[in-house]
Amino acid sequence: MSIKNEYLQGLMDRVIARNPAEPEFHQAVREVLASLSPVVEARPEFIKEGVMDCLVEPERIIKFRVPWEDEKGNVHVNRGFRVQFNSAIGPYKGGLRFHPSVYEGIIKFLGFEQIFKNSLTGLPIGGGKGGSDFDPKGKTDLEVMRFCQSFMTELFKYIGPDTDVPAGDIGVGGREIGYLFGQYKRLRNEFTGVLTGKGLTYGGSLARTEATGYGLCYFTSCMLKDAGRSFEGSTVVISGSGNVAIYACEKAAQFGAKVVAMSDSGGYIYDKNGVDLALIKRLKEVERKRISAYVETHPEAEYHAGCSGVWRIPCDIAMPCATQNELDLDSAKALIANGCFAVAEGANMPSTPEAVDALQAAGILFAPAKAANAGGVATSALEMSQNSMRFYWTFEEVDEHLKKIMTDLYHNASSAAERYGAPGDLVAGANIAGFLKVGESMLAYGVV
Ligand code: NDP
């Protein structure tokens, strides 16, 4: 993934120098700048007017202390972050991630990606992301509530329904959003749509839970259709067993595919008969257990410790839905050797650049995260609309909107790729289409 334009290569060098020791952020920026060379060559004003330099610098980074007390009375201190990256086309929008691996570089990479993803949805939302190095795993509900309340006690100063609207991500699901929203409401004394992914009894949207996984399958279906293929009768491997993975599995199965493997950070299960999704949902959404428990009731299935082996299972379609850089070059080679014909990214940046290059060079259909997993944030924007209207749509209505958004998004990315000389390259197409709307808006504002 090389940057052909000299100015953009220089900008990349400056990004690395100004943001040392943040490899995930560098990776995300490099991928976008590599795609934008033909755009700035056709439209040099994006460089001349400073748009490119502003694009790689967050508008604001908020970093704060989050002290909380566990059930034994011990005090812990975590770090909280919110990166408000770009508000050119709407209020900052993007999830909160609670995971021990979180540091400023992870939040910056996610916030940067979010700018283009949000733009691709066609909805008026800017890019932001936040989180903490807090690990909800193994904590009691009371401890999670105390942490969330402490986190929001600082964050509430910087967000609002027209300013910045966070949502969930890894480690932040319905339980955490409930505690965060409750604390915001108490501190501000107002009931507004300041968070999305809310429970259905207090302003959440139907189909938001399913949206990222379903949207991933809608997007992938369009890509497969253009290549004369479909989910019907195909074998699918999915990594992860969280929100995105579960609903990708559900929709892929509804489309006639057989999902044979899923994973968590401990290992993966392989069930050649097709995974029992009802059991996965119970283990993960209700009992909060490890995926290894699957084989206790399904002795015909296999459990393997470690994550990367999941890509060695023969499949037609691979959907990485766990975390960044989980699919490396060796995994890509194994997928190619086993005859896989499509990779669709549900997680953010789950494939390493070397893996993406190898998959594309081998002619594998490749759906990049920025476009393919945009269904979650798109439905979050629909939740914001419903909150503003104080009126709610049915599941079917939201799902119809989602389908249309993902179909339009696919065609938008695919035609941008064609227009800028990279037909079939959805990585380039998504970056270009996502950028153009943001870039045009930034030009219109002048130097701000
Ligand atoms: P969840 O927390 O619900 O699930 C995450 C899943 O990934 C779990 O199975 C988890 O296993 C696994 N996982 C997490 N970290 C690692 C790791 N380092 N190695 C291997 N497996 C890991 O998160 P989501 O499903 O919400 O998010 C998954 C991905 O999708 C993330 O990249 C997120 O940014 C992206 N995404 C999510 C959206 C959403 O709407 N939720 C929207 C768009 C993108 P374990 O339980 O063992 O930790």
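**Cavity and ligand site**

Analyst: There is one cavity of 30 Å³ or more (on a 1 Å grid over the protein atoms alone, a set of points where a 1.4 Å probe fits but cannot get out). The model is predicted: local features need pLDDT of at least 70, side-chain atom pairs count only at pLDDT 80 or more, and totals for chains, interfaces and linings use all residues. Residues are numbered from 1 along each chain as its sequence is written, and side-chain values use heavy atoms, with hydrogens and water left out.

User: How much space lies in the largest cavity?
Analyst: About 120 Å³, taken as the space filled by probe spheres set on the grid points.

User: Which residues line it, closest to the centre?
Analyst: The lining has 14 residues (an atom within 4 Å of a point), and E31, E345, M349, S351 and V356 are closest to the centre.

User: OK, the ligand. What surrounds it?
Analyst: 25 residues, each with a heavy atom within 4 Å. The closest are D169, T212, S265, R290 and N348.

User: Where does the backbone come in?
Analyst: A backbone N or O atom of S241 is 2.9 Å from a ligand oxygen, and a polar backbone atom of N243 also lies 2.9 Å from an oxygen atom of the ligand.

User: How much of the ligand is buried?
Analyst: The protein buries 84% of the 890 Å² that the ligand exposes when taken alone (Shrake-Rupley areas, 1.4 Å probe).

Definitions and conventions:
On a 1 Å grid over the protein atoms alone, a cavity is a set of points where a 1.4 Å probe fits but cannot get out, and a pocket is an open set with protein on both sides within 12 Å along at least five of seven lines; lining residues have an atom within 4 Å of a point. A polar contact is a pair of N or O atoms within 3.5 Å; within protein, one must be able to donate a hydrogen and the other to accept it, and residues adjacent in sequence count only if both atoms are side-chain atoms.
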